[in-house]
Amino acid sequence: MKAMQLARPGDRLSVLCLGAHSDDIEIGAGAMLLGLIGRSVQLDVRWCVLSGGSVRDDEARKSAADFLAGAASAEIEIKSFRDGFFPQQGEAIKQWFEELKARINPDLILTHRRDDAHQDHRQVCGLTWNTFRDHQILEYEIPKWDGDIGQPNVYVPVSSAVLERKIELLMKHFGSQRSKQWFDDETFRGLARIRGMECRAPERYAEAFFGRKVALI
């Protein structure tokens, strides 16, 4: 299968990363971002986390700083919408989305998957598509005990070194999540191995996304 290149070394690429919770972007797309930076793509990143709290805010900022070390530019924005109640806060979150759209015009948007079992994730995805109607959007996946991972159609092979760096940073920064049964290195490595098998990744690992609309030139 011929791979389509998102950006070549030296290219400039602006990326909007959206996550409902402090570890979502890292879990769903952390290796992809590390890989792009490692290949000398000049990333301009706006990293937005929509909920937090004192501990999780701190985790989010420190983690984003590590994941984006080496990016051409990075802006981190942490909001305080109530975790678990995004559908009930739809009007306020939509207003924030509209204000965000007035400030940025990214080349690529990374957001949650439309069919994610978590209501906050679905709300963020729906508002992403509702607000950014003329942008390239890729939806990432979050493993969880709901068993809701689907059949992706966009794969980003990653090196074993990049995957290990992603897992290292997740374990380093998100102490508040380590008590959860699913939050461990075996989960993240196992999902990456499955996705790598599905796309025959050269180094066995990949992150996968859902591309509802993809334009090729």
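H135 counts as buried because its relative accessibility is 18%, and the cut-off for a buried residue is under 20%. The model in which this value was computed is a predicted one.

**The setting of H135**

- H135 is placed in the loop that lies between helix 4 (119-131) and strand 5.
- The side chain of H135 is joined to the side chain of N105 by a polar contact of 2.7 Å.
- Leaving aside residues up to four places away in sequence, H135 touches N105, P106 and I109.

- Strand 7 spans residues 205-210 and is mostly covered, with six of its six residues buried.
- Burial applies to both faces of strand 7: Y205, E207 and F209 are buried on one side, and A206, A208 and F210 are buried on the other.
- Strand 5 pairs with strand 7 in the antiparallel sense, over two bridges.
- On the strand 7 side, F209 is the bridge partner of Y140.
- Strand 6 and strand 7 also run antiparallel, and five bridges join them.
- Opposite P157 stands A206 of strand 7.

**The enclosed cavity**

- Rolling a probe the size of a water molecule over the atoms shows where empty space is left.
- One cavity of 30 Å³ or more is present in the structure.
- The volume of the largest cavity is about 120 Å³.
- Its lining is made up of 13 residues, and those nearest the centre of the largest cavity are I27, E141, K166, L191 and E207.
- At least two lining residues of the largest cavity come from each of helix 1, helix 5 (160-173), helix 6 and strand 7.
- Helix 6 gives the most to this lining, with four residues.
- Sorted by class, the lining of the largest cavity holds eight nonpolar, one polar and four charged residues.

**The largest pocket**

- The largest pocket contains about 1400 Å³ of space.
- A total of 35 residues line the largest pocket, and A3, M4, Q5, L6 and Y155 lie nearest its centre.
- Helix 1 (24-38), strand 5 (136-140), strand 6 (154-158) and helix 6 (185-199) each provide at least two residues of this lining.
- Helix 1 makes the largest contribution to the lining of the largest pocket, namely six residues.
- The lining of the largest pocket comprises 23 nonpolar, six polar and six charged residues.

**The second largest pocket**

- About 230 Å³ of space is found in the second largest pocket.
- This second largest pocket has 14 lining residues, and H21, H118, H121, K180 and W182 are the ones nearest its centre.
- The classes represented in the lining of the second largest pocket are three nonpolar, four polar and seven charged residues.

Notes
Residues are numbered from 1 along each chain as its sequence is written. This is a predicted model: local features need pLDDT of at least 70, side-chain atom pairs count only at pLDDT 80 or more; totals for chains, interfaces and linings use all residues. Side-chain values use heavy atoms; hydrogens and water are left out. On a 1 Å grid over the protein atoms alone, a cavity is a set of points where a 1.4 Å probe fits but cannot get out, and a pocket is an open set with protein on both sides within 12 Å along at least five of seven lines; lining residues have an atom within 4 Å of a point. Grid points are joined across faces, edges and corners, and a volume is the space filled by probe spheres set on the points. Ala, Val, Leu, Ile, Met, Phe, Trp, Tyr, Cys and Pro count as nonpolar, Asp, Glu, Lys and Arg as charged, and the others, Gly among them, as polar. Buried means under 20% relative accessible area, exposed over 50%, partly exposed in between (1.4 Å probe, protein chains only). A polar contact is a pair of N or O atoms within 3.5 Å; within protein, one must be able to donate a hydrogen and the other to accept it, and residues adjacent in sequence count only if both atoms are side-chain atoms. Contact means heavy atoms within 4.5 Å. Two strands pair if DSSP finds at least two bridges between them.
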